[in-house]
Amino acid sequence: MKIQGIEYEDLAERYGTPSYVYDGNVLAGTITELCEVLHPALEVFFSLKSNPNISVFRVLHQGGARAEVSSLVELRTALEAGAAPGDIIFLGPGKSEEELVACLEAGIYAVVVESFDELDRLEKLAEARNVRQRVLLRVNPAVAISGSRLTMGGKPRQFGIDEEQVLGAGDLPSRYQYADVAGIHVYMGTRILDPEVLGKNTRYVFELADRVVRHTGIRLDAVDIGGGMGVAYFEGESDLDLTEVAKELNPLIEEFAVGHPGTRLILESGRFLAARAGVYVLRVRYTKQSMGESFAVADGGTHHHMAAVGIGSFVKRNFPSVLLGKDSADRNAPDAAGRWTVTGPLCTPNDTLLKQVGLPALEAGDLLGVERSGAYGPSASPGLFLSHGYPAEVLVMDGVAHLVRSRDEPDDLLRKQHLFDQTRTDDLQGS
């Protein structure tokens, strides 16, 4: 099989396995299509948590994506990839003082605060530096709208401030002079595949924004409607029809924008922008039979791709997978498929990447690809389990392959460890 005319086998020989391969043209095409179909008042912010690779974000940023970050390194990544500070928001429930200070010093568009305690801390830090920082309140909605694979509202959460608490907070501008509360952020759910659910979520957020303004007296510089747009991974699922998404969202955006001409409207998107562009490439090391079941033991596994084993799901379902070798066209014929369980090199029975998946008769040396793996791959996986480290990442753009992350080598993993010296007496000592 090929990517932009390049054989995956050639990429594997050049960069090794396991590795992640990203199709830059798919990344660019996805952000372009999304921006073209949505109302122009709605800005798309890429959630770097889904894939923090600097080159992946660079491609998306060149296509029009702004940046939503949740750590100091993600903030630096966005800036170094070319994002303007005014196109960056920072969110997350446990921001460190170092991260908050970095936001103040960079002059980012907004810090999304997730508790009044955090708001108080940001007020003090901003006052000490005599700067005024725009803040969006993340609101934990009182209701949950069904239709997402992971619902974020209507339950006790570490994320955001309960809707009731926000509405009962009183006059916020009089209490905060340096933390400039000027908008809200609401994230209702994730992996949404129904355009009507996206519409219901957006309508609720807009109505909530107006209620927050009436109750607290804040300005409404920005409303972040969250996102949660999903991609189809499993049997019975279908990708979102962007035309239908536009039919649901654009009238709501138009109405709200007309009534709030100075308000910036933000849509977050991570998985939708990145997932379909990535393939996790691994090589079969051994095959075996165990009690009538066929196993392929590969050099990659759950330490690189926990998302593929059903994080957040009670049922194990397989990501789409395929044989990638140069002879794969003949061997991938439907009548050649058997049932294979693909496992990795970890010393745990949980290291099962694919369970009873339909694949041709496999042999040692075969190259496999787990598709739709561009989001929540290495960054959401225990890469240091058994000290294997993280895989290489390769971006193919306009027919040219680029190494965009070197794989971890043993020296890389050992370099940060320090063998203690029992002869030293100058370290801190207990009594």
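These legends accompany a set of close-up views of a predicted model. Residues are numbered from 1 along each chain as its sequence is written, and side-chain values use heavy atoms, with hydrogens and water left out. Local features need pLDDT of at least 70 and side-chain atom pairs count only at pLDDT 80 or more, while totals for chains, interfaces and linings use all residues.

**View 1. The second largest pocket has a lining of 23 residues.** A pocket here is an open set of points on a 1 Å grid over the protein atoms alone, where a 1.4 Å probe fits, with protein on both sides within 12 Å along at least five of seven lines; lining residues have an atom within 4 Å of a point. Look for Pro 52, Asn 53, Ile 54, Val 73 and Thr 77, which lie nearest the centre of the second largest pocket. Two or more lining residues come from each of strand 3 (19-23) and helix 4 (72-80), with helix 4 giving the most, five residues. Helices (H or I, at least four residues) and strands (E, at least two) are DSSP runs, numbered from the N terminus.

**View 2. Phe 57 sits in helix 3 (residues 54-62).** Its relative accessible area is 0%, so Phe 57 is buried (under 20% relative accessible area, 1.4 Å probe, protein chains only). Beyond its neighbours within four places in sequence, Phe 57 is in contact with several residues, among them Phe 46, Leu 48, Arg 66 and Ala 78; contact means heavy atoms within 4.5 Å.

**View 3. Tyr 233 and Phe 319 form a stacked aromatic pair.** Rings of Phe, Tyr and Trp (its six-membered ring) pair if their centres lie within 6.5 Å; planes under 30 degrees apart count as stacked, over 60 as edge-to-face and the rest as tilted. In this pair the centres are 4.2 Å apart, with 20 degrees between the planes. The partners are 86 residues apart in the chain, each in a loop between secondary structure elements. Tyr 233 counts as buried at 7% relative accessibility, and Phe 319 does too at 4%.

Notes: Buried means under 20% relative accessible area, exposed over 50%, partly exposed in between (1.4 Å probe, protein chains only).
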